[in-house]
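Okay, thanks for coming, everyone.

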Amino acid sequence: MQNDLKLFTELVEFLISEEKNNPVATPIDTKILYDTLDLNLNDEPLIDKDFKNTLKEIIKSTPKTASTSFFNQLFGGRMNKATLGDLLAVMLNNSMYTYKVAGPQVGIEKTILRKICNIIGYPQSADGTFAPGGSMSNYMAVLMARDKYNPSARNKGITNKMTLYTSEASHYSIAKNASFIGIGRHQVRAIKANEKGEMLAEDLEDQIKKDIKKGYQPFFVNATAGTTVLGAFDDIEQISNVCKTHDIWLHLDGAYCGAVIFSDQYNHLVKGIEHTNSFSVNAHKMLGTPLGCSIIVTKDKKHLYESFSNDAEYLYQTDDDDFNLGKTSLQCGRRNDALKLWTLWKSVGSLGLKSIIDHQFKLADVARNYINNHPDYTLYSFENSISVCFNYKDISAKTLCTKLYEESKLMVGFGNFKNQDFVRMVTINTILQEKDILNFFKTIEDFASSTDF
Ligand SMILES: *Cc1c(COP(=O)(O)O)cnc(C)c1O
């Protein structure tokens, strides 16, 4: 192991210097990928020197998500203490299903879950688990709701016509999950959003009433804290009133921006969160832990047990259910995703998590101010969002983003809302400073003035 640790350190130092000197890796066209890099698996072993060089070539060409030029998606940057925790989790290699195998790591996971339940005002009966990503957290939520309102579904399958509701601006996993749980995509109602991307509670109520009249059983509403394109926050209080009237499970998908719960300056964006039945948040998005670190909590832990537990004598041989986390998880063997969030949280404190969140909103303000003060830009997004959407001059967003990537200038994506295309810059990378945001715009301007579109 010692030699490999040395090699690891050397490769990481190489990666960090690449991030600095070549922040946007030269993309390799897919047509020549297998001719450019030695990715083949052969019968013969590779000698150490070639092994190292091959890895270096791969690192060089791999997109640099922790560089100051990465604005592409809803994650980025590197929180050192979280990375340290994840590296330790790899070395420890526990499986989180039993206390016997994971020991104190179980306590680490439970501590995080309890803390989050307390922060959002859930009662002592609440609990949660770590899922393999935000899509799967949403899946666990909708499955718990299905089993609550149709308990025989677990054994007999779906027998009645159940419907679920989510805004037209929500994440695509809601529709996918409807198909996974046997409800079907056609039973997903896309609720209208206003121009800011927030779900309209009146339209929700109308749809629910229509479905009840037709003999459907509405059972699940998904609200979003940070929609994937505009970063909008649905009005939880209004939506939860509708859900209470009709006795429907309310889930809050906070994969992107649910971490605002850690900031007393921004937690008003999820006002009413205590009225939800379940809530999910990705620490690998705003909190900047390595992928993946997704948490799902629910107000009454009995729903976790009722949907996810299974007896297995070969597995559960010691300790009580509370410490055998396999009884409430999607998987059997499960990676330790909690440690990286715990090492981050422990080292910076809850106040440190708050500064991470506040910093991202501040960077977004800097970006929006810049855009508003420069007549060549048009802004499409709103206050209180870390997705900054805009167009530059009359250059198509798609063309601009693609060329910036092909010419290794910037990694930034484009989006679309209500038939309007735009560049979507995301200020989720906490290691960025104000100057990096200004540099982002300067790069676009210099590039545009020297490029034919
Ligand atoms: C990212 C995201 C998801 C999916 O999370 P994954 O971890 O990528 O599966 C779900 N909902 C929203 C709003 C998201 O932004």
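So, disulfides: there are zero in this structure, counting a disulfide as two cysteine sulfur atoms within 2.5 Å. Take Cys117, which is in no disulfide; its nearest cysteine sulfur belongs to Cys293, 15 Å away. Cys117 is also buried, at 1% relative accessible area; buried here is under 20%, exposed is over 50%, and partly exposed is in between, with a 1.4 Å probe and protein chains only. Then Cys401: the closest cysteine sulfur is in Cys389, and at 11 Å that's too far for a bond. Cys401 is buried as well, at 4%.

Quick caveat: this is a predicted model, so local features need pLDDT of at least 70 and side-chain atom pairs pLDDT 80 or more, while totals for chains, interfaces and linings use all residues. Numbering runs from 1 along each chain as its sequence is written, and side-chain values use heavy atoms, with hydrogens and water left out.

On to the ligand. It has 15 residues around it, with Gly134, Ser135, Asp253, Asn282 and Lys285 the closest; a residue gets in with a heavy atom within 4 Å. By type, that's three nonpolar, 10 polar and two charged, and Gly goes with the polar ones. Helix α7, residues 134-149, gives the largest share, three residues; helices are DSSP runs of H or I, at least four residues.

Now the polar contacts, meaning N or O pairs within 3.5 Å. Ligand oxygens sit 2.7 Å from a backbone N or O of Gly134, 3.4 Å from a polar side-chain atom of His284, and 2.9 Å from a side-chain N or O of Lys285. Overall, the protein covers 85% of the ligand's own 380 Å² of accessible area, by Shrake-Rupley with a 1.4 Å probe.

Key: Polar contact = N/O pair within 3.5 Å; in protein donor to acceptor, adjacent residues only side chain to side chain. Helix = DSSP H or I, 4+ residues; strand = E, 2+ residues; numbered from the N terminus.
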